[in-house]
Amino acid sequence: MRELDLNCDMGEGFSIYQAGDDLGLLGSVTSANIACGFHAGDPRSMAATVKAAIARDVSIGAHPSLPDLQGFGRREMAVSADEAYEMVVYQIGALKGFTDAAGVPLRHVKAHGALYNMAARDAGLSKAICRAVHDVDASLVVFALAGSVTVDVARDMGLRVASEVFADRSYQDDGSLTSRRQPGAMITDLQQSIDQVLAMVQHGYVRAVSGKEVPLQADTLCVHGDQPGALAFAQGLRSALENAGIMLRAPVK
């Protein structure tokens, strides 16, 4: 039976502000990528999201970002490889403190936003991020954009990789995600999302906005928790995947 992880970015509130229906989403997903304070999140949100994920038997991962609270981590910044390494070690360590305290393992790392997309096309930045993961815990799984340079870098470093695809984002001919600054970057129609996901999981390709079929591998599927209607998306996708005979489970560390 085909297996697939369903992941969601969570804990993306800050102080008294909340973003997304984390408690609802945890009922549908198998992995949670928890913000570590640089683009969103704080100690209270990290602790609460870890606790909620444990209660629902959802696998926990760190979601490190560029230091950009105002821009939600979605603005590119000029950072050196050393700076990227240090900020990723710092953020993984912050969340790992909470999982250690709760007596559960941290299982994966997925970079957020601009850091994720920059690394997907920059081998040097990918090496810095993957080295940070390796040095903190070499058993952690790296979530990386399917077909990107990050996948190759992580594997060359001996790390386990889950090639990630997106349910609510459109694609370009080179397998990159359409920039959020362009129209049509976000997929808001559930049936369109389901069709895209089933093509990726069952047939190994995504149809780019140009109409081109782009081959890719799908190990883990992301639904953005801050998107309007994210809970309905996650529920609909889970139902469609299960009806298609696909088993949903987190990657084993």
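Is Arg121 buried or exposed? Arg121 is exposed, with a relative accessible area of 57%. Buried means under 20% relative accessible area, exposed means over 50%, and partly exposed lies in between (1.4 Å probe, protein chains only).

This is a predicted model: local features need pLDDT of at least 70, side-chain atom pairs count only at pLDDT 80 or more, and totals for chains, interfaces and linings use all residues. Residues are numbered from 1 along each chain as its sequence is written, and side-chain values use heavy atoms, with hydrogens and water left out.

**Salt bridges**

- The structure holds 8 salt bridges. Each one is a side-chain nitrogen of Lys or Arg within 4 Å of a carboxyl oxygen of Asp or Glu.
- Arg121 pairs with Glu76 in a salt bridge, at 2.4 Å from N to O. This pair links distant parts of the chain, 45 residues apart: Glu76 sits in the loop between β3 (59-63) and α3 (81-102), and Arg121 in helix α4 (residues 113-121). Glu76 is exposed, at 51% relative accessibility.
- Helices (H or I, at least four residues) and strands (E, at least two) are DSSP runs, numbered from the N terminus.
- Glu3 and Arg249 form a salt bridge, with their closest N and O atoms 3.5 Å apart. The two residues are 246 residues apart and join distant parts of the chain: Glu3 lies in strand β1 (residues 3-10), Arg249 in the segment after β10 (247-248).
- Arg249 is partly exposed at 37% relative accessibility. Glu3 is partly exposed at 35%.
- Arg207 and Glu213 meet through their side chains in a salt bridge of 3.0 Å, N to O. Arg207 is partly exposed at 43%, and Glu213 is partly exposed at 42%.

- Strand β3 is largely enclosed by the rest of the structure, because 5 of its 5 residues are buried.
- Ser59, Gly61 and His63 point one way from β3, while Ile60 and Ala62 point the other way. All of them are buried.
- β3 pairs with strand β2 (residues 31-35) in the parallel sense over 5 bridges. Strands count as paired if DSSP finds at least two bridges between them. Ala35 stands opposite His63 in β3.
- From β2 the chain crosses through α2 to β3, and this β-α-β crossover is right-handed. That label applies if, with the strands pointing away from the viewer, the path from the first strand over the helix to the second runs clockwise.
- β3 also runs parallel to strand β4 (residues 108-110), joined by 2 bridges. Val109 in β4 stands opposite Ala62.
- A right-handed β-α-β unit is made by β3, α3 and β4.
- Asp57 is found in the loop between α2 (43-55) and β3. Asp57 is exposed, at 73% relative accessibility. Gly37 is 20 residues from Asp57 in sequence and 23 Å away in space, C-alpha to C-alpha.

**Strand β6 and its neighbours**

- Strand β6 (residues 160-166) is mostly covered, with 6 of its 7 residues buried.
- β6 pairs with strand β5 (residues 141-145) in the parallel sense over 5 bridges. Val142 stands opposite Val161 in β6.
- β5, helix α6 (residues 149-156) and β6 form a right-handed β-α-β unit.
- β6 also pairs in the parallel sense with strand β9 (residues 220-223), over 3 bridges. Phe166 has Cys222 in β9 as its bridge partner.

**Core packing**

- The largest nonpolar core has 77 residues, and Leu95 and Leu221 touch the most other members. Such a core is a set of buried Ala, Val, Leu, Ile, Met, Phe, Trp, Tyr and Cys residues joined through side-chain atoms within 4.5 Å.
- Leu221 touches residues including Leu4, Leu6, Val165, Phe166, Val197, Met200 and Leu241, not counting residues up to four places away in sequence. Contact here means heavy atoms within 4.5 Å.

**Cysteines**

- The structure holds 0 disulfides. A disulfide is a pair of cysteine sulfur atoms within 2.5 Å.
- Cys36 is in no disulfide, and the nearest cysteine sulfur, that of Cys8, is 15 Å away. Cys36 is buried, at 4% relative accessible area.
- Cys222 is in no disulfide either; its nearest cysteine sulfur, that of Cys8, is 6.5 Å away. Cys222 is buried, at 0%.
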